[in-house]
Every structure is written in C-alpha cells, then in structure tokens.
Amino acid sequence: YAAWVRTGLAALASGVGAQALLADVIQPALTKFAGSALVLFSAFCFMAAIWREMRPGAMPPTPDVRRIPPLLLLALNGFLAFVSLAALVGIWTSGG
C-alpha cells in the first residue's frame with residue numbers, strides 16, 4: 001500500500017512539475033501530454049493501492065499493528081485521486 005501511494009504522490013508532483021518546468025522548453029502540447037500522463041498515472045497508483053490492500057493475494061504474515069480500516073483507505077485514496085484529477089484539469093486549463 002505505502003509503495004503505491006508513494007509512487008502516486010511522486011508521479012503527481014512530477015506531473016505538476018513537468019507542466020511548470022517544461023513550459024518554456026518544449027511545445028505546450030507536449031508539456032500538457034507529459035504532465036497529463038504523469039498525473040493520470042498517479043490516479044492509477046492511488047486506485048491500485050486500494051485494490052492491492054483489499055486483495056493482497058497470498059495471506060500476508062500477521063502484522064504487529066492493526067490494519068487501517070478499509071473505509072479510511074477508500075476515503076484517503078479517493079481524495080488523492082480527486083486531487084490528481086484536479087491537477088489534470090489545472091494542466092489543461094492553464095495558459096501556456
């Protein structure tokens with residue numbers, strides 16, 4: 001779970017950063033494409049985190065700590081996916 005969320009956050013930051021840093025370097029269409037691809041990948045990662053946590057495959061070893069409640073996982077990752085989609089809208093509506 002943590003690996004998927006970490007990767008999603010890195011992809012989200014990279015997508016927004018690509019939009020900001022590449023604006024004067026490459027054509028605007030390529031900038032939007034690069035930023036969009038990274039942001040969409042981040043949304044995928046957040047959804048994959050939930051899926052992998054809810055359906056781990058083989059039974060994991062018994063943890064020393066309690067598991068995060070599934071409803072909290074859905075709420076948190078749903079919010080992160082919403083932020084990704086909001087960033088995608090921001091990439092496409094920004095000037096440049």
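What percentage of the 96 residues in the protein chain is buried? Buried residues make up 29% of them, where buried means under 20% relative accessible area, exposed over 50% and partly exposed in between, with a 1.4 Å probe and protein chains only. The model is predicted, so local features need pLDDT of at least 70 and side-chain atom pairs count only at pLDDT 80 or more, while totals for chains, interfaces and linings use all residues. Residues are numbered from 1 along each chain as its sequence is written, and side-chain values use heavy atoms, with hydrogens and water left out.

The secondary structure of the protein chain consists of three helices and zero strands, in the order α-α-α along the sequence; helices (H or I, at least four residues) and strands (E, at least two) are DSSP runs, numbered from the N terminus. The C-alpha atoms fill a box of roughly 50 × 20 × 20 Å along the principal axes. The radius of gyration of the protein chain is 16 Å, whereas a compact globule of 96 residues would have one near 12 Å, the quantity being taken over C-alpha atoms and the globule rule being 2.2 Å times the number of residues to the power 0.38. Among contacts (heavy atoms within 4.5 Å) between residues at least 6 apart in sequence, 81% join residues at least 24 apart.

Helix α1 covers residues 2-21, and its end C-alpha atoms are 28 Å apart, which agrees with the 28 Å that its 20 residues should span at 1.5 Å a residue; the expected span is 1.5 Å times one less than the number of residues. The buried residues of α1 are V5, G8, A11, L12, G15, A18 and Q19. They lie on the same side of α1, because they cover an arc of only 155° around the axis, the arc being that of the directions from the helix axis to the C-beta atoms. Their cover includes α2 (28-54) and α3 (70-93), while the face of α1 turned away from the buried side carries the exposed residues A2, R6, A13, A20 and L21.

Rings of Phe, Tyr and Trp (its six-membered ring) pair if their centres lie within 6.5 Å, and planes under 30 degrees apart count as stacked, over 60 as edge-to-face and the rest as tilted. By this rule there are two aromatic pairs. In one of them, the ring centres of W4 and F44 are 5.9 Å apart and the planes stand at 80°, so the pair is edge-to-face. This pair links distant parts of the chain, with W4 in helix α1 and F44 in helix α2, 40 residues apart. W4 is partly exposed at 29% relative accessible area, and F44 is also partly exposed, at 47%. Ring pairs link W4, F41 and F44 into a cluster.
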